[in-house]
Amino acid sequence: MPPTQQPIQLIHGDCLEVLPDLETDHFDLVVTSPPYNLGIVYNRFKDTAPRDEFLGWCKQWASEIKRVMKEDGSFFLNIGAAPKNPLLPHQLLLALTDGESPLFVLQNTFHWIKSITLELRTEKPVSAGHFKPINSKRFVNDCHEFVFHLTKTGSIPLDRRTAGVPYQDKSNISRWAHTGGHDKRCRGNNWFIPYETIKSREKNRPHPATFPIALVEQCVRIHGKGTQTRLLDPFVGIGTSALAAKNQQLAEFVGIDLDQDYLDIARQRLADGSHR
Ligand SMILES: C[S@@+](CC[C@H](N)C(=O)[O-])C[C@H]1O[C@@H](n2cnc3c(N)ncnc32)[C@H](O)[C@@H]1O
């Protein structure tokens with residue numbers, strides 16, 4: 001039975017079983033972060049499949065995403081690597097975009113920067129953001145993840161201005177015709193989006209692998225459908241993308257997770273109004 005129409009739905013189950021019940025050509029946007037196959041300890045899911053098996057599984061759910069996504073939809077796929085597993089994001093990307101019948105076209109690659117140090121000419125270096133330090137002589141701290149922007153055709157127009165940043169040098173606004181007089185330029189593909197500072201991980205972020213609400217909000221802005229957006233997250237965890245959908249008053253949100261405990265937390269976060 002297809003789920004009934006409500007603005008925000010959280011569905012408990014295996015996305016491979018739930019996705020086939022969802023309508024074809026329905027969602028404008030999919031933003032998700034699947035399990036990374038890097039041995040992350042989740043409540044119920046075992047994140048340690050052999051690589052080929054993992055990639056085959058990803059192709060299965062990605063085919064369903066393609067089916068339920070509109071022709072002009074965008075699929076933002078967030079995935080990180082680990083120092084000893086640096087190729088994983090690229091292997092997954094190739095599995096979805098290469099071969100005889102590729103599922104998607106890679107339209108943009110974004111870098112979600114979690115932490116950065118800026119050495120501005122006039123000031124002392126400024127460091128911002130958070131990351132998990134690595135104790136190693138050969139690997140450096142990992143301060144970014146990928147957000148692959150996948151579409152059906154590779155030519156979906158985006159709203160670069162709404163997702164953009166103000167000009168540093170305001171004289172550019174009148175100098176360049178393409179600005180149309182607006183004080184916004186394309187932000188580019190490096191998104192510095194730090195995690196919110198929290199006091200207690202167990203209480204404030206009780207999940208091993210969340211992304212920030214602002215990351216999802218940025219995907220919504222750049223896809224450019226505003227409040228008409230119908231958003232899907234087949235690996236919704238503790239509901240970060242649902243909170244983004246609520247913040248941005250999106251037309252519809254569907255989230256799926258295997259783990260009932262995570263969904264209970266997601267519901268609590270939605271009810272609390274703690275939207276960060
Ligand atoms: C990387 S986490 C997503 C976290 C989410 N973005 C958030 O901010 O809370 C991946 C999630 O996928 C869920 N999961 C694993 N296998 C699944 C499956 N077959 N169907 C649905 N959810 C699954 C796990 O329980 C986990 O919560």
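A residue counts as buried when its relative accessible area is under 20%, and this cut-off is applied in the close-up views below, which are taken from a predicted model.

**View A. Thr151 and its polar partners.** Thr151 is found in strand S7, which covers residues 144–151, and because its relative accessible area is 0%, this threonine is buried. The side chain of Thr151 makes a polar contact of 2.8 Å with the side chain of Gln107, and it also reaches the backbone nitrogen of Gly154 at 2.9 Å.

View B. Gln107, the partner of Thr151 in a side-chain contact of 2.8 Å, has its place in strand S4. With a relative accessibility of 18%, which is under the 20% limit, Gln107 therefore counts as buried. Its side chain reaches two backbone atoms: the oxygen of Ile156 at 2.7 Å and the nitrogen of Ser155 at 3.4 Å.

View C. The structure holds 9 aromatic pairs, and one of them, formed by Phe76 and Phe110, is tilted, with 6.2 Å from centre to centre and 40° between the planes. This pair links distant parts of the chain, since Phe76 belongs to strand S3 (residues 69–79) and Phe110 to strand S4 (residues 105–113), and the two are 34 residues apart. Both Phe76 and Phe110 are buried. The rings of Phe146 and Phe148, by contrast, form a stacked pair, because their centres are 5.2 Å apart and their planes stand at 15°, which is under the 30 degrees that stacking requires. Phe146, at 12% relative accessibility, counts as buried, and Phe148 is likewise buried, with a relative accessible area of 2%.

**View D. An aromatic cluster, and a lysine over a tryptophan.** Phe54, Trp57, Trp61 and Phe235 form one aromatic cluster. Another tryptophan, Trp112, has Lys114 lying over the face of its ring, at 4.8 Å from the ring centre.

View E. An oxygen atom of the ligand is 2.5 Å from an N or O atom in the side chain of Thr240, while a polar side-chain atom of Asp257 lies 2.7 Å from an oxygen atom of the ligand. A nitrogen atom of the ligand, in turn, is 3.2 Å from a polar atom in the backbone of Leu258. Of the 610 Å² of accessible area that the ligand has on its own, the protein covers 99%.

**View F. Tyr262 and Glu17.** Tyr262 lies in helix H8, which covers residues 260–272, and with a relative accessible area of 4% this tyrosine is buried. Although Tyr262 and Glu17 are 245 residues apart along the chain, their C-alpha atoms are separated by 18 Å.

Definitions and conventions
Residues are numbered from 1 along each chain as its sequence is written. This is a predicted model: local features need pLDDT of at least 70, side-chain atom pairs count only at pLDDT 80 or more; totals for chains, interfaces and linings use all residues. Side-chain values use heavy atoms; hydrogens and water are left out. Rings of Phe, Tyr and Trp (its six-membered ring) pair if their centres lie within 6.5 Å; planes under 30 degrees apart count as stacked, over 60 as edge-to-face and the rest as tilted. Helices (H or I, at least four residues) and strands (E, at least two) are DSSP runs, numbered from the N terminus. Buried means under 20% relative accessible area, exposed over 50%, partly exposed in between (1.4 Å probe, protein chains only). A charge sits over a ring if NZ of Lys or CZ of Arg is within 6 Å of the ring centre and within 35 degrees of the ring normal. A polar contact is a pair of N or O atoms within 3.5 Å; within protein, one must be able to donate a hydrogen and the other to accept it, and residues adjacent in sequence count only if both atoms are side-chain atoms. Accessible areas come from the Shrake-Rupley method with a 1.4 Å probe; for residues, only the protein chains shown count as cover.
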